Amino acid sequence: LMDVPRNEIIAEGLPMPHSPRIYKEGLFLLLSATGELVCIEGGKTNTILSCQGFARGLDRMGDFLFIGLSKLRETSEAFRDLPIATQSVYCGLLVFHLPTQKIVAHLK
């Protein structure tokens with residue numbers, strides 16, 4: 001992950017980073033290969049949530065983050081060796097309450 005105007009690397013070795021978003025609390029993004037929501041602050045990557053699915057898509061409304069989860073195809077050669085492959089058994093949407101850091105809804 002790079003800050004282009006500063007020509008500075010912010011984070012390296014992220015497993016399939018997806019949907020970076022800058023909010024007042026910091027830089028959030030999904031690590032699709034591991035199914036995690038992380039926040040990057042000061043070059044340190046902090047795991048906020050393990051989504052237990054292939055996380056693809058992040059948005060916010062008020063204090064709530066909405067995280068899209070995809071089901072990996074069993075026949076997919078490209079994704080079958082990912083760390084999240086055995087846990088990604090459904091598609092859906094997670095609703096995460098940022099202040100309490102709890103999942104408040106889960107649509108499968």
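Trainee: In what order do the elements of the protein chain run from the N terminus on?
Mentor: This is a predicted model, and its elements run β-β-β-β-β-β-β-β-β-β. The tally is 0 helices and 10 strands.

Trainee: What makes strand 3 and strand 4 a pair?
Mentor: Two strands pair if there are at least two bridges between them. Strand 3 and strand 4, the latter covering residues 26-31, are joined by 5 bridges, so they meet the criterion for a pair. They run antiparallel, and R21 stands opposite F28 of strand 4.

Trainee: Which residues is S19 in contact with, leaving aside its neighbours within four places in sequence?
Mentor: They are F28, L29, L30, R56, G57 and L58.

Trainee: What makes the approach between S19 and G57 close enough for a polar contact?
Mentor: The cut-off is 3.5 Å between N or O atoms. A polar atom of the S19 side chain lies 3.3 Å from the backbone nitrogen of G57, so the distance is within the limit.

Trainee: How do you know that strand 9 and strand 10 pair as well?
Mentor: The same test applies: at least two bridges are needed. Strand 9 (residues 92-97) and strand 10 (residues 102-107) run antiparallel and are joined by 5 bridges, so they count as a pair. H97 has K102 as its bridge partner in strand 10.

Trainee: How many residues lie between the two strands of that hairpin?
Mentor: There are 4 residues between strand 9 and strand 10. In the turn, Q101 has a positive phi of about 55°.

Trainee: And what share of the residues in the protein chain is buried?
Mentor: Buried residues make up 38% of the 108. The chain exposes about 6600 Å², with carbon and sulfur atoms supplying 53% of that area. Among contacts between residues at least 6 apart in sequence, 40% join residues at least 24 apart.

Note on methods. Residues are numbered from 1 along each chain as its sequence is written. This is a predicted model: local features need pLDDT of at least 70, side-chain atom pairs count only at pLDDT 80 or more; totals for chains, interfaces and linings use all residues. Side-chain values use heavy atoms; hydrogens and water are left out. A polar contact is a pair of N or O atoms within 3.5 Å; within protein, one must be able to donate a hydrogen and the other to accept it, and residues adjacent in sequence count only if both atoms are side-chain atoms. Contact means heavy atoms within 4.5 Å. Buried means under 20% relative accessible area, exposed over 50%, partly exposed in between (1.4 Å probe, protein chains only). Accessible areas come from the Shrake-Rupley method with a 1.4 Å probe; for residues, only the protein chains shown count as cover.
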